[in-house]
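Please load the model in the viewer and keep the selection panel at hand.

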Amino acid sequence: MADATQAEHKWTMVVDLDKCTGCQACVVACHAENNVPIRNKSEVQANRAQHWIRIERYWVGDPPAKARFLPMLCQHCNRAPCEPVCPVYASVHSQREHLNLQVYNRCVGTRYCNNNCPYVVRYFNFYDPYFPAPLTEQLNPDVTVRTAGIMEKCTFCIQRINRAEQQARTEGRDLGPDEVIPACVQTCPPSALLFGDLLNPESRVSKVLADNQRALRVLEHLGTEPAIYYLKGGKSYVRF
Amino acid sequence: MGLDQQAQLERERHLLVDARPGRELNAMVLEPMMRIGRAFWPAVGVLGFLVLAWWVTWGFQMWWNVGITGLNRVVMWSLYIANYVYLIGIAEAGTFIAAALRLLDIDWRRPISRIAELLTVFCIFASALFPLAHLGRTWKFYWLLPYPNERQLWPNFHSALIWDLTATLSYLAMSTLFFYIDLIPDAALARDHVRGWRRTLNNWLALGWRGTERQWRLLKVAQLIFSIGILLIMPSVHTIVSYDFAMTIQPGWHSTVFGPYFVAGAIYSGVAAIIIAAILFQRLNHWGYFIRDEHLNGLGIFLLLTSLVWDYFFFQDFIVPWYGQVPTEKQVLLTMMAGRGQLAFWLMITTNAIIPFFTLWWRRVRTWWPAMLAISILIQLGLLLERYIIVTIDLGVRELPFNWGLYQPRAAELIMSTGAVAFIVLGFVVFSKLIPFVVLYEVKEGQFLVQLKRIGKGLIRSKME
């Protein structure tokens, strides 16, 4: 068995901003896959909307302005600011896979991690989750339903990663280059989202990111080393 | 002016040369302790109701969870944390008066030490409850403590919250013991001079104090050790509190000057709180003998000094990011000055910097109690606003403009905040009927040491060392 601290994967996402239409299909897919609770109107008005991936909309220029979309989800930083501040190790790093993990049953809800997250992609359960009637029938059995009082965030669909790894292990082979597909990536109609292992040179993300002039990472100057690369051409107006 | 007149004047001005027989002093302290006035029970009722409302609201919050507060996706720390920083700040100065001024041998501390120490004790208990109330799962708070367990899980010692917890708990332990050690001879005094259940209580508190040579020596040594220890702990506690903010990368929080700035703010609010308490005791207990103009004057000078120190650090904390013009940090400052925090910000500047600066230079203001009371209450308001601005307004401005948010407190937070203040006042109201509230042995010691000496045609106060 490999050393637990040795990196086996570097899960990475590529978001092509020039392809994103802001349709929010990824948001819906994420809600369905990860049992993300649906907050009601008054909660959303109180700025407590809960989406592990959200589409940030920015207006560019004077009216009639152009809308530019920035899909924002947990950046799975290699040097994540949310991790050292958690007093109970609920926010921890997986060195093996380069993932930020949130241990739900360890979280006591200090909410310090969200204060220190420059992307503000961590969500707090202000109330117990509520799923209107038919939605209870489609909860994902592979994912915990989180209680009130704890933080949650995008996991890169870790249940899908684990399932693919187990499948490969039972079949006695290595994990294929593009075998893991998170819900948002699976759903994206214009294929603006890509997901894969950056340590595997055969994966699509490795090929796309190899010598890509359009690649950037959000708030890179903070030194968080995010695992999500955004692609943006010269005509795209999203600036950071 | 003849010598008699001069002596008369000195005695009117200074407590320590206005020596009276011990019996008279004892009566002055113990009589208000024994007397339960008409206002006592109504006050206990109202304050008790407010404290009860605090606990009930907290219970509600645990049942429904943090949703009943005004927090949102962006501003996840709010009035609870502001209250915590504010109340622990007041607690700092209680020991500062008692410990630092004792070590510096400043005489006007003598009658007001007990008030300052008790303020520390109540404030630190009230403030320590706020981080707990703030947790999403309060009932799991003990996971923050490094207790041995079968899963070998430890708290994360990298987290500023763990440092904070350690600092707060050690300060709580130290200041409570400090208060208690100072109380022992006065409890013995009460034991010897009152009857009924108060005698039993004070008998128990006095731990068999007989006032022997050896006991006094041990008390002095203990006081010295605690004074020095607490003087070392006090600045570090509030620096660590500031680290909760300064150690993050949130613009407006990530500031190297936050440590001393918070310590200055803490002592500032604490001195103002002691002035409020001292004036109330002077008025309500008719303690014009113990708490005189010289004490208000000394506290007033101290208040002016801490005000200037606060101004300095505030300026430091402001001008460096402003000059840097880093976009997000500039946005934080603009939001404070001209945006959502406008009203709170300018009110804070007025109460904390402008009003004290233009009033406290004059002795007449410093010794006129209504003015001092008003100024001190305004300073309390200003310093609560300061913490409120730092916590909620700064946190509402994040790196990406999509995440700029506004926080507005809801009923739960307001009830819990008033409840905490009521808890502190209630503590004073109840304890003032249980134990002597003037450090009488220190006053007597001072009156023994300080004498009027005649030099030529003048009288001067001289102190034996």
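This is a predicted model: local features need pLDDT of at least 70, side-chain atom pairs count only at pLDDT 80 or more; totals for chains, interfaces and linings use all residues.

**From the interface to the pocket**

Next, select the elements of chain A that give two or more residues to the side touching chain B: strand 2 (54-60), helix 3 (82-85), helix 4 (112-115) and strand 6 (123-124). Strand 2 of chain A gives the most to this side, with five residues. Colouring by class shows 31 nonpolar, ten polar and eight charged residues on the side of chain A that touches chain B.

How many salt bridges does the rule find across the interface of chain A and chain B? The number is zero.

Now display both sides of the contact together, selecting 49 residues from chain A and 45 residues from chain B. Between them the two chains bury about 3800 Å², with 56% of this area on carbon and sulfur atoms. Highlight A:R111, A:Y112 and A:N115, which supply 18% of the area that chain A buries against chain B, more than any other three residues.

To centre the view, select B:L47, B:I276, B:L280, B:V421 and B:V425, the closest to the pocket centre of the 49 residues that line it. Then show the helices of chain B that give two or more residues to the lining, among them helix 3 (40-64), helix 9 (258-284) and helix 15 (411-431). Helix 15 of chain B gives the most to this lining, with nine residues.

Finally, colour the pocket lining by class: 35 residues are nonpolar, ten are polar and four are charged.

Terms used:
Residues are numbered from 1 along each chain as its sequence is written. Chains are lettered from A and ligands numbered from 1 in the order in which they are written. Side-chain values use heavy atoms; hydrogens and water are left out. Contact means heavy atoms within 4.5 Å. Buried area is the accessible area (1.4 Å probe) that two parts lose on being put together, summed over both. A salt bridge is a side-chain nitrogen of Lys or Arg within 4 Å of a carboxyl oxygen of Asp or Glu. Helices (H or I, at least four residues) and strands (E, at least two) are DSSP runs, numbered from the N terminus. Ala, Val, Leu, Ile, Met, Phe, Trp, Tyr, Cys and Pro count as nonpolar, Asp, Glu, Lys and Arg as charged, and the others, Gly among them, as polar. On a 1 Å grid over the protein atoms alone, a cavity is a set of points where a 1.4 Å probe fits but cannot get out, and a pocket is an open set with protein on both sides within 12 Å along at least five of seven lines; lining residues have an atom within 4 Å of a point.
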